[in-house]
Amino acid sequence: MAYVNAPVRKKDAMSLVTGKPVYVEDQIPKNALVVKLLRSPHANAFITSIDKTAAMKVPGVVCILTHEDAPKSRFTTAGQTYPEPSPYDRLILDRHLRCAGDPVAIVAAETAQAAERAVRMIKVKYDVREPLLDFRKAKDNPILVHPEDDFKALCPVGADNKRNLCSTDVFEIGDVEKELAACDVVCTRTYHTKANNQAMMETFRTFTYLDEYGRLTVVSSTQVPFHVRRILSNALEIKKSQIRVIKPRIGGGFGAKQSVVSELFPALVTMKTGRPASIIYTREESMTNGSPRHEMQMTVRVGADQSGVIRVIDLYALSNAGAYGDHGPTTIGLVSHKSLSLYGGLSAARFACDVVYTNTMGGGAYRGYGATQGIFAVEAAVSEIAAKLSMDPCEIREKNMVAEGQIMHTYYGEPCNSCALDRCMQKAKEMMQWNEKYPRKVLENGHIRSVGVAMAMQGSGISGVDIGSVEIRLNDDGFYTLLVGCTDMGTGCDTILSQMAADCLECDIDNIAVRGVDTDQSPYDTGSYASSTTYVTGMAVVKTCESLRKKIIEMGASMLGVSVDEVSFDGKRVYVIADENRSVTISEIGYASYEGHNHCLSASESHSSPVSPPPFMVGMAEIDLDPLTGEVNVIDYVGVVDCGTVINKNLARVQTEGGIVQGIGMALYEDIRYSERGTMQNNSFMQYKIPSRLDLNTIRVAFESSYEPTGPFGAKSIGELVINTPSPAIVDAIYNATGLWFDTLPVRAEDIALGLLKK
Amino acid sequence: MVVTITVNGTKYTDDISPDLPLLDYVRSKGCLSVKRGCETSNCGLCTVHLDGKPVLSCSVLAVRANGRQVTTLEGLEEEARAFGAFLADEGGEQCGFCSPGFIMNVLAMAHELDDPTDEEIREYLAGNLCRCTGYQSQLRAIRKYLTSKKEG
Ligand code: FES
Ligand code: FES
């Protein structure tokens, strides 16, 4: 293995660092119309009339579209495999506006200035209704977010629009109440996590045009090109065969771009006018009408016996879908599957949930996808029960953590085939010098230094659903083309999959030309989400290479005039085993396959996994807390990860560092807030603070690898896992500093200072 | 308003609107490395050099560059490659969208500060946000780049 497990530089790195024009905005055709949206100032309103006469007179305006011009079939913008669990609850333009910023009209003009002017000149009359903003009051509230009769759910997720329910579910293993009654200690607490914006640096953006065949071509910053094709077909009521989606380089996604956000508007303009059209979301639009993490309220009851054996966990979660149900019914499942399953010996567990509609921005997919919220609640509760038992929070975890060989009853009954959580804990303790630092030290300046811990897991793809397909072709001169349908969003999957292919084909990585994604040309892939790419598409690469090797050997043997059993292939040549001087090079085979044969050498395989093996992690935070102001500084963070075999050391490390920092943002700063009227209060980077360089000190990452038998080269996923530990670890550290438990994120300095005053 | 602006060594004379941001002006000249990430001067993605000093091109009007020299990453290809190689070897360009603005500021810092401490580096680059990397790999790349420059 030359490339797998090495710190290989990304194939596109040098074009990125020299600023080459590789992103959507850099490639917009010169004659494209500029699309801008008139957005609703109200969180709940019906449009009674729209007058666009004056706006149409603005020089340069080409078209203005309103709900009267838009198709009337409801659809979901969630990028999921059909039939989508997310209800069909949207129109491109609707008369009913369900959250502030919902689109009222689409304006297309020759210049941005003209489009903006026209937006301001459209006259709209609204029938303004009282908005439903508190998700705790949403279920069975007389204000209905989706009163429409054509609301429909394709899957049995428990949706009921007449009760504001997007989905509901419950499962129980064992007898929870009986177990709780038998426990020596029970800890009950309700946690509240907020909506967070992915805040990828490149906002949502798309351009569209009709190609030489008259088909709609959509170039978009998306994680899910094949889903975009289907969603556009649903929404625009045109045939899928008439749509082509291309993904260039994209400036970050983190799940945000697992929904269709900006694609529909220029697409509708191009369909109506026949002209190329483009839309670039402002940061403000990305903040107010994106696809953020679902706000949740979770009540946890954990029961343990005196010796610290955790016997039972009961979890109820209420999730705020916001105005639209994108990813609502699916994120909620991860709240329990990926938190309860950290504990291997539970005698009983229960999970119940409701996902409700309100008049706030619709939620979406954000790295961690519900697991982040669930793990915060369960891990914080486990630390609290450890404190009640006067136990070190590491020790209670060491006693109860899931182990290799166990059946994970709360994780679809899957066996735990690879797990180095115990080694991760050991290593993290050493790196953090936990035993010396736990629980706290008071410094001379009065500040408190303390440490906190949490564990985390995620999945690797969606079992039985996600598909990765790959095609590899041998070209003349013996180089390969690797075609993939998964979407590199900076995560480096084009490189990672090339590393795997180079090792399987025993060639130089520069001999692999990689290309993705164009739905007309790439093999089908569900897309890059649910931590699926390395694990699912990676396995498709391994399978494809095996098939291609067979064909290369067959062709080489026939060129040598011997049978396939008599030859071997070493990546450079096919040779006769008994007489190594008789050989043909891969270049000769490549050339020969291009001449007078019936078989150009190419192979294509798909892969889907019946299981979703979890990667695991232990995170430890060391904080400096000023008891006078309550200010918390994370001065050191240690993350030890078991993602199976590490395919690319650099990229895995940077993923981990980046995920930890996003997690710190969630724990301490990030919080989408609304006014009483339902408009977002912090809709810019001025007010919605994401961590900057000044907010961080050292972050140290190490890997403790297990070997996952179902993964390519023993690999599991890493992308989402790494965001999950900071919130519970920091809350644990704050308790160890102050003796106070905080259950609402973000934990603000003023809350800590106030809490200490009241103590 | 008629202005004469030198962009990466080429002199342009244009009649431009007085409210045109420098960012849009340089992009219209084909300098597509320059990105916009916000409307509130908070992200640093749009950093260019004006007479050799880093500025946020979203917040400087193009008319202010009249008679002056503007440099974007396209004009510093060689230096960008030299530092970029260190960044690439750390994986510190994840999506790469923040890289041009960040690199422009790193190059300015390398000219301005002698032997900066980690703290000084953080301070200097505080205005360059990155959502992907968590900043650690970027700091490692800067350290290695500065060392290599020193060792010549
Ligand atoms: S675009 Fe964000 S600071 Fe200039
Ligand atoms: S690398 Fe993506 S924002 Fe910095």
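Chain B is divided into domain 1 (2-74) and domain 2 (75-151), with bounds that come from an automatic or database domain assignment. This is a predicted model, in which local features need pLDDT of at least 70 and side-chain atom pairs count only at pLDDT 80 or more, while totals for chains, interfaces and linings use all residues. Residues are numbered from 1 along each chain as its sequence is written, chains are lettered from A in the order in which they are written, and side-chain values use heavy atoms, without hydrogens and water.

The C-alpha centres of the two domains of chain B lie 21 Å apart. Their contact (heavy atoms within 4.5 Å) takes 16 residues from domain 1 and 16 residues from domain 2.

Chain B also touches chain A: 48 residues of chain B are in contact with 54 residues of chain A. The table lists both interfaces by buried area (accessible area, 1.4 Å probe, that two parts lose on being put together, summed over both).

| Interface | Buried area | On carbon and sulfur atoms |
|---|---|---|
| Domain 1 of chain B and domain 2 of chain B | about 1,400 Å² | 66% |
| Chain B and chain A | about 4,200 Å² | 55% |

In chain B, B:Q94, B:F97 and B:R131 lose the most area to chain A, together 20% of what that side buries. B:R131 also forms a salt bridge with A:E670 (2.8 Å, N to O); the term means a side-chain nitrogen of Lys or Arg within 4 Å of a carboxyl oxygen of Asp or Glu.
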